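Look at the sequence and the model before reading on.

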Amino acid sequence: MDKTLPEVRKTVVLNAPIEKVWKAVATSEGLAAWWMDNTFEPALGHEFILRSGQFGDSPCKVTDIEPPYRLGFDWGKDWHLVFELKELENRQTEFTLIHSGWDEAKVTEFGQPHTIIRGIMNSGWESIVKDKLVAYAEA
């Protein structure tokens, strides 16, 4: 029986050219400015750390990179993140975040059920993408 939970998906249109949005989502400095401190480098197979504050450091690995359109990486033991960028007219960029790897039978590294954390993360991504990323990318 499939215990997979739906992915978290957030899409926003940014008033910024794709090159600027790519720098915001695919550089260590950019990610730190709107999301989390990290040791990210935009290279396939690169292993890096997301510094998750009270939850400690999370190991990650770049699994997919196609500048300036797509970045994917494994996060922790179960999750996968994808950032997709689409160039629009008038120097705008559509950004989509996809957070997958949710399973109702699994718990996080901290013993929290995916069924609960998925809801918390869905709400958190809403403000991170639609407020923090927008403010940073459009500045």
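What follows is a short walk through this model, which is predicted.

Start with the chain as a whole. The protein chain contains three helices and six strands. Followed along the sequence, these elements come in the order β-α-α-β-β-β-β-β-α. The C-alpha trace spans about 45 × 25 × 25 Å along its principal axes. A compact globule of 139 residues would have a radius of gyration near 14 Å, and the protein chain has 15 Å, so the two agree. Of the 139 residues, 42% are buried, where buried means under 20% relative accessible area. Among contacts with a separation of 6 or more, 48% join residues 24 or more positions apart.

Now turn to helix α3, which covers residues 114–138. This helix bends by about 30 degrees at I128. I128 is also one of the buried residues of α3, along with H114, I117, R118, M121, W125, V129, L133, V134 and A137. What covers these buried residues? The cover includes the strands β1 (8–14), β4 (70–75), β5 (79–87) and β6 (93–100), as well as the helices α1 (18–25) and α2 (28–34).

The last stop is the largest pocket, which holds about 530 Å³ of space. Its lining has 22 residues, and M36, S52, F55, W75 and M121 lie nearest the centre. Which of the elements gives the most? That is α3, with seven residues. By class, the lining has 13 nonpolar, six polar and three charged residues.

Methods
Residues numbered from 1 in each chain as written. Predicted model: local features only at pLDDT ≥ 70, side-chain atom pairs only at ≥ 80, totals over all residues. Heavy atoms only, no water. Bend = angle between axes of the 7 residues up to and from the residue. Helix = DSSP H or I, 4+ residues; strand = E, 2+ residues; numbered from the N terminus. Buried < 20%, exposed > 50% of the residue type's maximum accessible area, 1.4 Å probe, protein only. Contact = heavy atoms within 4.5 Å. 1 Å grid on protein atoms, 1.4 Å probe; cavity = no way out; pocket = protein on both sides within 12 Å on 5 of 7 lines; lining within 4 Å. Points joined across faces, edges and corners; volume = space filled by probe spheres on them. Nonpolar A, V, L, I, M, F, W, Y, C, P; charged D, E, K, R; others polar. Rg over C-alpha atoms; globule rule 2.2 N^0.38 Å.
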